[in-house]
Amino acid sequence: MKKTIYTYIATAALVLTGCADLDQTSISSIDKDNFYQSEADVKVALNGVYQVLTDGSMNGPWNDELIFLNDLQSEYARRGTANSAAITEIGDFAITPTNAFVETAWLYRYKAINRANILIDKVNESALAEQVRNNYVRSAKFLRALYYFDLVRLFGDVPLVLHDGEGEGAPRSSKDEVYQQIVSDLTEAEGITADFPKLSSEASSPAASGLLSKVYITWAQTDTEYSKAHQNELYQKAIDAANKVISSGKYQIINKFIDNWSLDKKEGPELIFTVEHKFGINRNVTGHCVFSTGFVNNKLPVIAAINNNLYYEYDSNDQRRDASVTLRLFDPSKGEYFNFERLRFRKYIDTLYMANESAPYISGQNTSSSVLRYAEVLLVKAEAENELNGPTATAYEALNAIRRRAYWNPYNNNQSQPANGTPLELSGLSKEQFRQAVQQERYLEFVTEGNRWFDLKRWHILVKTIKEKVPADDLKYKNISTRNYYLPLPQTQIELNPNLVQNWGYAGETSGDPYSALGWQ
C-alpha cells in the first residue's frame, strides 16, 4: 500500500457527462505516517474527506451524480439531450457494470472512506488535546457513515473497510453489518461539541442525529434478517433520533420554501447538513444538467422531465410547485418571461447568477446540495410513528407542519388552503392512508434532492411506480425490472477482487430473482 493520501485528483482524462469539459486540478500528497502532528495538519486531512463529496468534477457524489443516480431513476425524470452513454443507460434503466457513474460512485466513496480511516487511526494516536482529537475523529466518522449509507443503498452488501490497507480482496459484508457500523459512527458523531462546526456544511451533533433517524427508518425497511426481527425497535430509534434534532431548538421550517436553494441564504435554519458548490473550483456544480439548454424549446436539457404531469400533481396553492418545477422563468437577457413547453426542474437554477449578463445559462453554479433538511426529519418522524403506532397526534403534527408550510403564502404572509378543496391539516386517516400521505409529501417535497429512487426502493414499489407513471412507449417503462433495486457492482472491481459477487440481474440471470421473492414490486 502506498504511504500517501491524495488531497486532489487529476480528472482531465475522463469526460463522463457531455455537459461540459472537466477541469484538471493539480495533485497534492501528504505522507500519512509523518503527518497529523498538529491541529492544522488534522484539519487539512479532514478537509480531504469532505472534498470527495464534490470530487470528480460534476460527477462527484454530491455534484451531478446526486441527480443522475437517483432522480434520473425515478418516475418524473428522463434523459434529455445527452451525448453520454452513461447517462443514457441510467435514464433508460439499461445500466451496465461498466457504466462510468457506477465506477465513480464506488471509487470516490471508498477513497473518502480510506481517508477517514487513516484520519481516525492517526488522530487517535496523536498528542492533540482530547476534546480536539474527539471532534476531528467524530467528524470523520460522520462522513464515513454518510459514504457507507450511500454505498449500502446504491449497491446493497458492500465491503466494510475500517482501517487503511484492509480493502484489498475484502468480501462484501452484509447490509446489517454495514448499517451497524453506520449507526456506531453516527452515535459517536453525536458527541461533536457545539462550538466545533461553524457552517451547515460541517458535521455536527444534530446532523448526526438527523442522519441517524434516516438511517434507522431505511434499515427498518430493508428486509434483512436483523431488520425484520427488530423493525419496531428501529422505528422507535428513528423517532428518538428525530426528537433529538427537534428538541435542540436549532432548526425550523422556513416560510419560503425556495430560500433553501437561494445563493444569499445558504445558512438558513432549515438546513442541517449541506454540500457547498462553487463554480470554477474543479467544475464543482450540482444540478448542472437540468438547465443546460437555457431559454429554448427546441432542445431538452440533459436531465429532462418525463412529461409535464409532475407540475399538475402539485396543488396550485402549494408553494413547492414553482420552487421545484417550472413552466416559465424570467429571462434576464431579454427582460421578460419565457414559457417552456416541457417543464424544467427549478431548485438548482440560480437566478441571482443568471442576472449577470456575462453568465452562461447553466444551473447549479453556486447552489448548495441539501443532504438533510429539517423538513425531512419531521417526515421521518411522522412515517416512523405511523409505522410503529399508527396515525397518532404526534404523527399528524409532524406531517401537518410540512403541509402548513407548503400552503403558506410567503409573499402575502398568510396561510393558504389547498385550491382543490381538500383539508390543509390531515386527520382521521387509517394507517395505510397516512402512509400514503407521507409518501406523497415526500414526493412533492424532495424533487431532485437525491431521495426519490431511495424512497421507492425502501418502500418496495420501484417497478410498480415506474409502470404506473411512465408512458408505455418509453424505454424506462420497457426496461425496468426488479434488478434496478440496486446498481451493479463496477466490473473493474469484480475483476480486481475475486471475492466480489455481482448483484442479481447483471450477469445474465433469468431466474432466482431475490427481490420478487421478498414481495418487492
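Me: Which residues lie nearest the centre of the largest cavity?
Reply: Trp62, Leu66, Asp150, Gly450 and Phe454 lie nearest its centre, out of 19 residues that line the cavity. Keep in mind that this is a predicted model.

Me: Which elements give two or more residues to that lining?
Reply: Those are α2 (65-68), α5 (130-155) and α7 (205-220).

Me: And which one gives the largest share?
Reply: α5 does, with five residues of the lining of the largest cavity.

Me: What classes of residue are in there?
Reply: The lining of the largest cavity has 10 nonpolar, six charged and three polar residues.

Me: What volume does it have?
Reply: The largest cavity has a volume of about 180 Å³.

Me: Stepping back, how many cavities of 30 Å³ or more are there in the whole structure?
Reply: The search finds five.

Me: How would anyone find empty space in a protein?
Reply: A probe the size of a water molecule is rolled over the atoms, and that shows where empty space is left.

Me: OK, the second largest cavity. How much space lies in it?
Reply: About 150 Å³. Its lining is made of 14 residues, and Thr218, Thr222, Lys457, Arg458 and Tyr486 lie nearest the centre.

Me: Which elements supply at least two residues there?
Reply: For the second largest cavity they are α5, α6 (175-189) and α16 (452-458). The largest share, three residues, comes from α16.

Me: How many of its lining residues are nonpolar, polar and charged?
Reply: Six are nonpolar, four are polar and four are charged in the lining of the second largest cavity.

Key. Residues are numbered from 1 along each chain as its sequence is written. This is a predicted model: local features need pLDDT of at least 70, side-chain atom pairs count only at pLDDT 80 or more; totals for chains, interfaces and linings use all residues. Side-chain values use heavy atoms; hydrogens and water are left out. On a 1 Å grid over the protein atoms alone, a cavity is a set of points where a 1.4 Å probe fits but cannot get out, and a pocket is an open set with protein on both sides within 12 Å along at least five of seven lines; lining residues have an atom within 4 Å of a point. Grid points are joined across faces, edges and corners, and a volume is the space filled by probe spheres set on the points. Helices (H or I, at least four residues) and strands (E, at least two) are DSSP runs, numbered from the N terminus. Ala, Val, Leu, Ile, Met, Phe, Trp, Tyr, Cys and Pro count as nonpolar, Asp, Glu, Lys and Arg as charged, and the others, Gly among them, as polar.
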